[in-house]
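Hi,

Here is the structure I promised to pass on to you. Have a look first, and my notes follow below.

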Amino acid sequence: MEHALGVDVGGTKVATALVATDGTVAGGVKERRHGARDRDELVEAIALSVRKARATAPGPVVGVGLACAGTVDRDTGTVVVSPNLPLKDDPLAALVEHEVGLPVVLDNDVNAALTAEARLGAARGVRNGVMITLGTGVGGALLIEGKIHRGAHGCAGEIGHMIVDAHGDPCRCGGKGCLEAYVAAPGFERIGFRTVGLFERGAFTGELIGRLAAEGSAAAMQSLETIGWWLGVGISNVVSLLDPEVVIVGGGLGNLGELLLGPARRVVRRHPLPPARDRVRVEQAELGTAAGAIGAGLVAWEQRGADAG
């Protein structure tokens, strides 16, 4: 059986999946951490992951779908800017294609994740939906009338850089008060550091806060309430603008589930205008952190079909 190879490139890891046309994955999703300091190191890390995954394929690999955090130009295969990766105006698809000898198509990582959730997960049957991913950064993607909406310049869905407090905390993009500054990994660390009596800077992670909250830590719950409140502010703005059927929260920190979604829903139920605030569903991603790699594989199949047509 033929497979497409989906590759999800995040700020700290590369995930790969061998994806059949029906979305099934051969051998599960594999992850490798990378510490790329520049473009060449990142391309090398991606190429190594592709070669290792291809070597395990149960049949021919017909192409690569590359999902990358940041603003991408899908038509040219270029990463325009990526706040959490050493890329700017780089033709990543062509660079990887040269290294691995397979056709490569590039898309934004959350667009790929939402493609997978719409086909196989929490957005099945949905015509209008939004996905937000929480990890090293905050990503977003839009499903409008059944299609991924990329915008005029490929920038649609950059929810992480929506301003929620114009005089607020600094963001890695150089701005202040971005949603990402409050609900991505650096925001978790800052908010944990501000919570009295528990945490030291550099030690506060999503995994730690979830464990402490499960053990009954009042300070951990207070921190999650604060982070969830900021997430709810961001979701409320999205709901007011787009009136989606569902907002899906995924990514590594999205695995905290109800610990974050509960506080977020309470904000959403108060602030957008009815009936949107009453009808929108705020749900955890069904495919978890595998969504990006699986979706990238589906994007590769979509491109193969378009090229054949």
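The largest cavity is lined by Gly70, Thr71, Val72, Asn108, Asn111, Arg150, Gly154, Cys155, Ala156 and Glu158. A cavity here is a set of points on a 1 Å grid over the protein atoms alone where a 1.4 Å probe fits but cannot get out, and lining residues have an atom within 4 Å of a point. Its lining divides into three nonpolar, five polar and two charged residues, with Gly counted as polar and Cys and Ala as nonpolar. The space inside is about 40 Å³, taken as the volume filled by probe spheres set on the points.

Before going on: this is a predicted model, where local features need pLDDT of at least 70 and side-chain atom pairs pLDDT 80 or more, while totals for chains, interfaces and linings use all residues. Residues are numbered from 1 along each chain as its sequence is written, and side-chain values use heavy atoms, without hydrogens and water.

Now the sheet. Five strands (DSSP runs of E, at least two residues) form an open, mixed sheet in the order E11-E10-E9-E12-E13; pairing requires at least two DSSP bridges. E11 (147-149) and E13 (281-284) each have a single partner strand, so one side of each lacks a neighbour in the sheet. E9 (129-134) and E10 (138-144) pair antiparallel over six bridges, with threonine 133 opposite glycine 139 in E10.

Helix H8 (258-268; helices are H or I runs of at least four residues) lies across E9, E12 and E13, with contact meaning heavy atoms within 4.5 Å.

Best wishes

Note on methods:
Axes are lines fitted to C-alpha atoms, for helices over the stretch in contact, and angles run from 0 to 180 degrees between N-to-C directions. On a 1 Å grid over the protein atoms alone, a cavity is a set of points where a 1.4 Å probe fits but cannot get out, and a pocket is an open set with protein on both sides within 12 Å along at least five of seven lines; lining residues have an atom within 4 Å of a point.
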